[in-house]
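Subject: Structure for you to look at

Hello,

I am passing on the structure we talked about, with notes on what turned up in it. Please open it first and read the notes alongside.

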Amino acid sequence: MPLRENQDKLIMDKKVVDISSKILNVTPEDPKVIPETEEKDPNYWRSFRELYNDPDFLKEKKNEFQPGSLDRPDENSFSKFSRRKFLALLSASAAVAATGCSNFRDKGEIVPYNKKPESVTIGLPTYYASTCTGCSYACGILIKTIEGRPIKVDGNPDHPVSKGKICAIAQASVMNLYDPERLKNPLERADRNNSKETAWADADEKIINQLKSISSSGKEIAIVTHTVNSPSLKKLLTEDFRTAYPGSKVYSYELYSESARNSAFEKCYGAKLFPVVQLDKANVILALESDFLGTEGNKVENSRMYSERRDIYNGSEFNRLYAVEGNASVTGMNADYRIILRTDAIEEFVLCLLNEFILKEKLSGFTADAAVSAKLQSYDLKGFISKNNLNEEAIKHLVSDLRKNTGSSFVSAGSMLPESTHIAVNLLNEVLGNTNLYVKDVQNIEQIPLSTKAELENLISGLKSGKTGAVIHLDSNPVYHFPSEYGYADALKNAGLVISLTESVNETSEAGNFILPVNSMFESWGDFQTRSNFASLQQPVIAPLYNTRQKEDILLTWIKGSKDSYNPDLYHQYISGNWKNTFLPGAASDMQFGKEWNAALNDGAVKVRQNTAAGITETTAFKQETFANTNFRLKAGSEYVLLLTRSFTLGDGRFANNGWLQELPKPLSRIVWDNYAAVSVQTAKALGLKSNDKISVTTPAGKTELPVFIQPGTAEGVIAAELGYGRSVCGTVGKDVGVNTNKLISGNPQVSMFMYNDVKIEKVPGFYELISTQEHYAFDEPLLKDIQFRREIIQEGTYLEFKETPDFLHHRHTKYSEEETEKLKVGSINEQYDHTGTKWGMAIDLNKCTGCNECAAACNVENNIPIVGKDQVKANREMQWIRIDRYYSGTPEVPKTSFQPMLCQHCDFAPCENVCPVAATTHSADGLNAMAYNRCVGTRYCSNNCPYKVRRFNYFNFRDRFRDSVQLEESFSLMANPEVTVRSRGVMEKCTFCIQRIMEERQNAIQENRYIIGSNVKTACQEACNTNAITFGDKNDKESELYKLVNSSIAYSVLEEIKVKPNISYLAKLRNVYETDKTSQEH
Amino acid sequence: MKNFLLDYNLKVRLPVLIFVVLAVFTITYYVSYAERNGIGNMPAQPIAYSHKLHAGDLKIDCRYCHSDVDKSRHANVPSAKVCMNCHSIARKDKPEIIKLTDYYTRGVPIEWKRVHRVPDFAYFNHSVHVNKGIDCSNCHGNVAAMEVVEQVKDFTMRACLDCHRNPEAGIKNIIPGKENLQINNGPQNCSACHR
């Protein structure tokens, strides 16, 4: 069929629908068209505005620069210098310079070390193994320092859990170290509004005296901390501090905890903590509202184990992921079958499954007690499916898959589900024999158990009654984190002495008498043990930037009881003293121990020889009476369900002042700088909501107003909001960003801390603009118009199809005649290379990409990418070099999601090069499309001509423009990667394939007198990718991994038909579903 | 009268004016060329260190002090500690050595004046050149003969590219022992130096 005709047909097929007027901010008179959503065309869409062909959006698509990007800046915000005055000053200074200058321009100084440390080679990085303290999982990290400055954090390959990978928060953590708003000196506060800097010695003396008198008067000294996962800190707090101050007690809490999962497991099996699960051995995974690839558990480890079974080359079959969820999570959107179900109906669903397996199918290997059978009697899967209008086909597959894979499947229940659901899921895993996958010889370890609710209530009542005389906040922020019903901030007023040991001011330190600045994780010693088989070490890689102290050193000084006993090596000595007895025992001499200690520091983690942790064994039996005695009362209600989810980027809010994280788009909504209430299309319709409207949410704990975002794929009646936003006492970057949803957490929740099934939702007047990066860089070139419906940016198939015909993709997609191809060919006016030597290329495996954005976080750090701020993201001016495009297909109610990392494709015939008037962007013989910033005059022609829309223009010196130039503070200049230019206003930039790392390999190759080995170069995104979806290397190296991938039968390049010959190959996503996807075959 | 004036202006004044302007321009251009590119730059150093004495007369290898030149992008300037390897014993009583010892004992780095400089946006790499056998003198001149180091070669992009395009003409001296390394044309793409 000729192209033109085909397109006309598609346009004619569109029909009018009225739902769009409900969703979009448009008047009903506008003729609305919707492309046919019948199955033959997945017709990928990125937003509602695109799906419903919003006329404004169509108009915007025609333009390279969307509304806002070309707006004149507000002149009032500029410097008051007039041009005339500027020129006058310029000439005056030139004149002064001319008269005052010597013969030669001064070239500055070279300042070498006085005594150079042996390990430093100027210009070469040094790597230190350490441990991340961003959350309680304590991943192993490798810190890259250049001339003493930490500039990049990556995973430590020798760490047994994280195995060389870390999350976005750890990637961006260098910004926390250099944050200019960190506390620089100890503060003493006479009262709330009056704080003054003080000396450490004075503060120590006063505090020690007060602690002593409080302790001797028999009052309690409360130490409030996050999870303690350090054996030495545990010893320090529970032994030494308690000996020195007998009244002291440790309270540890976590905003997001696995307490429901753990307590359910303890009730079922008697072991305290949920075991480690071998996800990589699971053929079938069922995620029940469980976002294990995104925000739950050790995401890094889970992603690795999950994606190992998504590799067409590793020999094992693909796993199949089922998700049953109400919230649209990253895990759900990666699932092969996603069954949308209200979160409060999940418990019933599990019980129906149990009924199916225990009573109907009578799976062998498990004999149910009569009480258990009686309990399950009333549940029926068939009835449940029809009652909830579920996809029967999918559930049939689920049941048969679980039965077929007994002993090699896993059911994961989400942290927000109540204990009762976890108990039911434990039974389900037991029935299915999945306890096979629980690791028996390695256990999770908790150093100090998290305080129970009763203990925390004790703390508060102690404060109120005056029984507790002093509170020490050990790098924690309970005023922000505790449910407001606790009234913690008020209770604190009764304490005589409130001390905050913190990196920067927070809500809790505001209520303190003393605010003591502590070292960041880059300046601290530490040891950690989270699993029974290994322990890891943290070491400082830079001397404290400010007048701060390590928090353990502060405590040790107080323990010793004299201000003079402080020295910055106290805790280091303390840890190594402990390790002599625990992890590195039996050294014959101090020298021998020193060697072992240094080896441990070098590796970052050591094996633990003595495994003392008690966990489950092969013979641990499931306690059926637990299940029989559990009251399953969670039922799908008719009211709205509120889910409070873990923030994808900000953790529990402690990273709010990290602009890189604030500006990292959330995986699905692509929204930056805000949290919001995600509602389904149906709910929005029912409540008459549009995106950006405001609703009020009322839980038993409180009421909050939130902006609305219509999230496709959310279950009807489910509202999800992220925690960790709305910090009121924070640095300039994070202050008052988003809405504090912690206020909605109830101290006595009926279901669980993060799930409320009795919330009231009301539309409230008002409008709040949420900014999503997803509509950016949509385009509609006249040249390409004819093929817009056949562009095949995303190509997909099914795993079964692939198994049958590995090269099915190429059968499916040969559609251009020679004639057409010739017509479409884009040539290059530049010199063309034959690319016979090294040729750089990249392969991105879409089977493994979970859309998590780690790559973007790593790229920001490696390539000195500035924060631009919400207003600039709104104007399409975000600067991130790599973005993950998220496409939906299907209907808004039941979307299928496809993720695709998009970055500069380094085309052989790069269209950008043809149009640059000053040859600032050119090609190299090794296949790189390079930018010479100094040549760039900022015409932006290249960006206009780029088919992939991956070029970023510096409309401003963003570092200067954002939040009172906070990025120009001196400390931030230490953070920049010295191997990459810091770009200023007026130049274009884009992904360089980490040219600095390529040059490092070239330097090594020349040093060793060998050829460049492509696989030695790892780009920042590749190093960061949790699932190893990205492979970089030399396309001409036939031995390399990349060569294999690029020539894979499912490899394709985006917009192949325009013949620009991109050097990035994508491996088509294979969905592991039973149905052969006819939709994508009939192109 | 009128004709004469016109003639005079056209035939005499104008050519003279043009000549003067061009001459001034040309002379300024050539006279200031070296200065603009830094050729002849010979700043006074905080310690009157003589390369002629150390590298020339005593024949100390460049890499004894500039030890990272074949490892990293930077040819490091030695720390005071390196000087003290010898000077904790040698010539302790000389005034310049007393100055040096003073820096060393106080723990203060010596702020050497920079002689050569490529701009920040160019990422020159010493090690890739030195490891190919290209002798220091090709760019830095015969430092072993200089009492005070001065810049003798052009450090402009043109100078870089001239040599990258035609290394036979540019490279006069090869590091002894590395004669058999093949020196190809240097990379001429932007990303070789600019990133």
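The model is predicted. I begin with the pairing of strands between the two chains. Strand S1 (residues 109-110) of chain A pairs with S1(B), antiparallel, over 2 bridges. In that pairing, Lys113(B) of S1(B) is the residue opposite Glu109(A).

The contact as a whole involves 33 residues from chain A and 34 residues from chain B. On the side of chain B that touches chain A, at least two residues each come from helix H4 (80-87), strand S1 (112-113) and helix H6 (126-130) of chain B. Sorted by class, that side of chain B holds 13 polar, 11 charged and 10 nonpolar residues.

Next, the domains of chain A. The assignment divides chain A as follows:

- domain 1: 3-65 + 776-783 + 797-1081
- domain 2: 125-178
- domain 3: 187-256 + 452-607
- domain 4: 259-446
- domain 5: 635-772

I looked at domain 2 and domain 5 of chain A as a pair. Their C-alpha centres are 30 Å apart. The contact between domain 2 and domain 5 of chain A takes 7 residues from domain 2 and 7 residues from domain 5. On the domain 2 side, helix H6 (168-171) and helix H7 (174-178) of chain A are the elements that give two or more residues. That side of domain 2 has 5 nonpolar and 2 polar residues, and no charged residues.

Last, two backbone points in chain A. Most residues other than glycine have a negative phi. Lys949(A) has a positive phi, near 55 degrees, and is not a glycine. Lys949(A) sits in the loop between helix H34 (941-945) and strand S33 (952-953) of chain A. Cys994(A), also not a glycine, has a positive phi of about 50 degrees. The loop that holds Cys994(A) runs between strand S34 (988-989) and helix H37 (995-1007) of chain A.

Are these two residues, Lys949(A) and Cys994(A), buried or partly exposed? The cut-off for buried is 20 or more other C-beta atoms within 10 Å. Cys994(A) has 25 C-beta neighbours inside 10 Å, so Cys994(A) counts as buried. Lys949(A) has 17 other C-beta atoms within 10 Å and is therefore partly exposed.

Regards

How values were computed: Residues numbered from 1 in each chain as written. Chains lettered and ligands numbered in written order. Predicted model: local features only at pLDDT ≥ 70, side-chain atom pairs only at ≥ 80, totals over all residues. Contact = placed C-beta atoms within 7 Å. Helix = DSSP H or I, 4+ residues; strand = E, 2+ residues; numbered from the N terminus. Nonpolar A, V, L, I, M, F, W, Y, C, P; charged D, E, K, R; others polar. Pairing = 2+ DSSP bridges. Buried ≥ 20, exposed ≤ 12 C-beta atoms within 10 Å, placed from the backbone. Domains from an automatic or database assignment.
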